[in-house]
Amino acid sequence: MFFMISFCAFGQEANFLPLQDHKLLYADTVYREAVRRKDPDLLAEAYYLYGKTYEASGNHETSQRYYFKSLKLLERKGDSPSLSRILHRLGEMEASFGNNEKAERYFRQSLGIAGRIHSHVNLIRGYGTLAWHMAKDRSGKETQPGLRRSNPDSALYYVRKVDSVALRSGDPIQVANAHLGMAGLFWDILKDEKETLRRLADALSIYTDEKKDGGRVATYSLLARYYLETGQLESAWNTLQTAREIYRSNPFHDLGNITRLNELFLHYYRARGNWKRAFEYSEKNRRIQPGTGIEAAYIKMARQYEAEKKEAELREHETELRLRAEALRAYRWLTGTVALLLAALAVLSYVFYRLYKKNRYISQQNEMLLREQNHRVANDLQAISSFLNLQQEEVGDFKARKVFEESKLRVEAIAVLHKKLYQGKRLTMVYLPDFLEDILDNVLHTFGMQHISPDLDIAPLYLPSDQAVPLGLIVNELTTNACKYAYPLHPAPSLRLSCRLTGENAGRQISLIFKDNGLDASVLETLNSRPLQRFGLGLLLMQVRELSGHHRFTYEKGIAFGLSFPEKQRPLSAGPARAANPGTRHP
């Protein structure tokens, strides 16, 4: 397969296998049968087998002679898969000699035949080899300008050709072979890790489904090589172990696969600095491939391993003595330091405890004083409300009595706030649903309209007192006006109050909507154009300015008041509020 090109380990020259007798015997058998039958096609196949066997052993001269004999016989017959294959082999051989132009000519002749006879196998082989041929830099990094430089765009063009033909073939093994060969190209030449891993995963999945263990071993070998070259030694070890188990559990015997595995184990142990195990794997390959000239390098490796072993023993002994002395000094220093730290910790613990007690006492005193202050203010406001109530009884004028009544409601609205402050858990914050609900109940009770069940939609927010006071006065004024002007003559009065949080982050706003159903649209002109002519509306606008808010009166089957003002502090949920009236609703 063309993808075997990718397995020249770590950029080194390919190691050739010894002349394999069983393959020569098979070639002899085919040759004798061809002579007996006087079959030129079978004779061409025998010559091809001889050439492939001698090429694997590194005897290129004999190999090339047999290939040309096969080529001469096949050319007489015309286009065929065997002719495309032999031309491809000759191209690979010329490429190994550095004759790039001649190699490319052979490759293109092979592809032309494969295309004419629609041979998927030969097309995949040819396009794959051209992809490698185009990707590889043969100019000696521009030191030999006469030779062609790498052309990644052309290489990717032929990669796409490989993928297209493999898919068109409908043969999953061809697809897996294509992925494996192109994974080698993407890693060795193009250095595209993502595409390399994707193709290896696809190839492995297909080989596993098709139970092709030879392909699985080849795929795991290339994956292990990737991990070794990227320094992922643990992953490399696991992958090599898997490949070796597959090889051992199957009856196939492929010298190429086992040679690659041994070489990858050798590089793994060398990366680990385990020269002994590296030498063992070099010996395994030397026994498979005698006479390759690698013995001297690994004998040197073995000697280096023995020398390093002795040096390591000496360094270990010296290190042990040094560590004992350092440990003793460190123990003495640590004991003294720990004693000092314990003493300092005891002193700091006592100081912090005293400060904690003092701060806790001050905090409790401040809390008590603040609660007492809010309680006294609430009592004082209640007293003022009582005085206004008494004074109201003495005034005979109906209009003046109404003024006293409205003033009393305003005072009581502020008193409700201070009552909530000293009764609540937060001394400067008021829980909005309870606060507004109490104000509504107070006004409706004063005007004898307890039968109205307000529709409330108030978010569970906490407001600081400086915002709660003006908001409470606004709701008080709106409810008072509704009771005075909207509800007396209405057969089915209703009241809706909504208060929600809108916006995000620094732009958060609190939006209030108050709506009754008793007044008609003619009132809007007075409310929007001449509000200051009425004291109640003037007071309402003052409170809107106090909140730095914006308001608007509209008509929606009744008068609706909308208010929006910026939030001072992020509100917190305080759980479900109590229900004051049967019609009350809280989120």
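**Notebook: salt bridges in the predicted model**

I began with Arg85, which counts as buried at 19% relative accessibility (buried means under 20% relative accessible area, exposed over 50%, partly exposed in between, with a 1.4 Å probe and protein chains only). I note that this is a predicted model, in which local features need pLDDT of at least 70, side-chain atom pairs count only at pLDDT 80 or more, and totals for chains, interfaces and linings use all residues. Residues are numbered from 1 along each chain as its sequence is written, and side-chain values use heavy atoms, with hydrogens and water left out.

I looked up the partner of Arg85 and found a salt bridge to Glu45, 2.6 Å from N to O (a side-chain nitrogen of Lys or Arg within 4 Å of a carboxyl oxygen of Asp or Glu). The pair links helix H4 (residues 81-97), which holds Arg85, to helix H2 (residues 40-56), which holds Glu45, 40 residues apart. Helices (H or I, at least four residues) and strands (E, at least two) are DSSP runs, numbered from the N terminus. Glu45 is partly exposed at 24%.

I then turned to Arg272, whose salt bridge with Glu234 has its closest N and O atoms 2.9 Å apart. Arg272 lies in helix H12 (residues 255-272) and Glu234 in helix H11 (residues 233-248), so the pair ties together parts 38 residues apart in sequence. Arg272 is partly exposed at 40%, whereas Glu234 is exposed at 51%.

I next checked Arg496, which forms a salt bridge with Asp455 at 3.4 Å between the closest N and O atoms. Arg496 is in strand E4 (residues 495-502) and Asp455 in strand E2 (residues 455-458), 41 residues apart.

I recorded 22 salt bridges in the structure.
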